[in-house]
Amino acid sequence: MKLLLPPNNNINNNGDDSIISKAQRDELIRTALPDCQPQEGSPANSFTPSEMKQLQTVVKEINLGPRARNEEQFLLAKKNNDDDYDDTTTKKQFPPSQKMDILNPNQWSEPNNNNNNNNQDSTTTTTTSLQQQQHHHTTTNNSSSSTSSPPLVWHGAPVIHHHNNNTTMTTPAQLFRLTKVRNGEFTSPTNGQCPGYMQCNLVVLPSGPIAFDFLLFCQRNKQSCPLIEVCDVGSPHPVGVARGADLRTDIPKYSIYKNGVLEKEVTSVTDCWPVDSVAFLIGCSFTYDGAFIQAGLPLRSAEQGRNVPMYRTNLPCRPSGQLKGTMVVSMKPIPAMMIAKEVEITSKYPHAHGGPICVGNAQAIGIADLNQPDWGDAIEIRDDEIPVFHACGVTPQSILMDSQVPFAITHSPGHMFITDLPCDTVI
């Protein structure tokens with residue numbers, strides 16, 4: 001079949017048969033295409049190679065064929081001497097792959113807010129920063145951490161405000177840890193200490209099934225175990241909540257459990273910290289001590305220089321793996337006319353056990369005698385006061401004992417880890 005330019009007296013090519021106008025090309029396509037229907041055996045809605053060649057002989061700039069979709073199709077087209085494909089066009093259309101290994105930290109980069117900076121320079125700077133952080137983490141695992149730490153660079157990282165713009169000693173909480181706790185000067189309960197800063201319970205377990213069971217236990221029992229931070233395996237440094245902190249030395253007193261039995265209490269666990277440790281920090285009701293002080297609510301245990309009273313209850317926790325047991329609660333005596341204020345304040349701190357479990361009737365949750373706490377010290381309850389019970393971070397210790405876990409390190413009840421985070425930080 002031969003394709004001819006259809007006669008049209010209204011079309012003027014100015015005497016040059018080698019050039020056709022857009023109108024001529026459109027007329028050609030309207031006339032020629034119906035005559036170039038697929039022959040028998042050809043794919044539907046397509047031209048045979050010979051038909052396509054004839055059509056392109058008349059209209060050379062027309063392209064009715066598929067573009068090369070990848071390098072293999074380009075090479076095939078080039079082999080067939082197809083004028084539609086050339087090296088320059090294809091290379092421009094298919095640039096070299098820019099793949100990144102998301103498991104390789106050296107290829108990570110931070111968002112660059114300065115569009116004028118060179119991308120390569122930004123990546124190099126970020127890689128260097130990450131390598132410095134990795135070096136810091138490696139060197140501090142085997143020694144006491146320094147007072148300064150690299151900035152928190154991940155999305156959503158908490159903002160830790162500096163104290164008096166001093167970047168070496170940043171917060172009152174850090175000053176307390178470094179100058180009083182780490183050197184063994186302060187070994188008492190931390191209720192009333194560093195008001196306005198978040199305090200945490202500690203649980204350290206060997207990596208493996210038991211650590212996973214405990215993580216799941218916290219997720220299932222959020223009021224008793226509101227999870228604040230989980231350290232990397234083997235690391236005692238809670239970088240997300242306290243810069244420069246070391247969980248082996250920065251808690252006033254620790255408890256060491258073996259096979260569910262309290263073996264001893266110590267002021268440092270550097271010598272017995274597991275190589276494959278997983279350290280968990282859990283919220284504590286001491287976190288809202290500052291809010292109590294501002295509202296005029298009493299902190300009776302701090303007033304009397306005693307530890308808070310803590311009691312086992314008959315309230316079952318949701319089990320996880322081999323971990324099971326009942327909730328532990330702490331008790332605060334609150335004036336009857338201020339109960340509503342106490343509930344209002346504590347309910348704003350779900351990361352510190354939240355609102356009360358029970359108000360008034362201790363027997364309702366299985367407590368027989370308020371003068372005989374299972375942990376801590378008995379405190380005075382005055383005539384105009386009502387006992388208020390909150391879920392307590394000693395629940396994990398009770399669970400570990402009931403489940404006879406082979407080895408665990410915890411804070412000693414009432415002796416908390418004080419973070420650099422403000423008490424109202426949203427976790």
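Is Arg312 buried, partly exposed or exposed, and what is its relative accessible area? Arg312 is partly exposed, at a relative accessible area of 28%; buried denotes under 20%, exposed over 50%, and partly exposed the range in between, with a 1.4 Å probe and protein chains only. The structure is a predicted model, in which local features need pLDDT of at least 70 and side-chain atom pairs count only at pLDDT 80 or more, while totals for chains, interfaces and linings use all residues. Residues are numbered from 1 along each chain as its sequence is written, and side-chain values use heavy atoms, with hydrogens and water left out.

Arg312 forms a salt bridge with Asp402, with 3.8 Å between the closest N and O atoms. A salt bridge requires a side-chain nitrogen of Lys or Arg within 4 Å of a carboxyl oxygen of Asp or Glu. Because Arg312 belongs to strand β6 (residues 310-316) and Asp402 to helix α11 (residues 395-402), the pair ties together parts that are 90 residues apart in sequence. Helices (H or I, at least four residues) and strands (E, at least two) are DSSP runs, numbered from the N terminus. Asp402 is partly exposed as well, with a relative accessible area of 40%.

The structure holds nine salt bridges. Side chains of opposite charge can pair when their charged atoms come close. One of these bridges joins the side chains of Arg300 and Glu385, at 2.5 Å from N to O. This pair links distant parts of the chain, with Arg300 in helix α9 and Glu385 in strand β9 (residues 385-391), 85 residues apart. Arg300 counts as buried at 3% relative accessibility, and Glu385 counts as buried at 9%. Together with Glu303, Arg300 and Glu385 are linked in a network of salt bridges.

A further salt bridge is formed by the side chains of Lys258 and Glu263, at 3.5 Å from N to O. Here Lys258 is partly exposed, with a relative accessible area of 38%, and Glu263 is partly exposed, with 44%.

Helix α9 (residues 300-303) also contains Ser301. Ser301 is buried, with a relative accessible area of 9%. The side chain of Ser301 makes a polar contact with the side chain of Asn191 at 2.9 Å. A polar contact is a pair of N or O atoms within 3.5 Å; within protein, one must be able to donate a hydrogen and the other to accept it, and residues adjacent in sequence count only if both atoms are side-chain atoms. Leaving aside neighbours within four places in sequence, Ser301 is in contact (heavy atoms within 4.5 Å) with Asn191, Arg306, Asn307, Val308 and Ile379.
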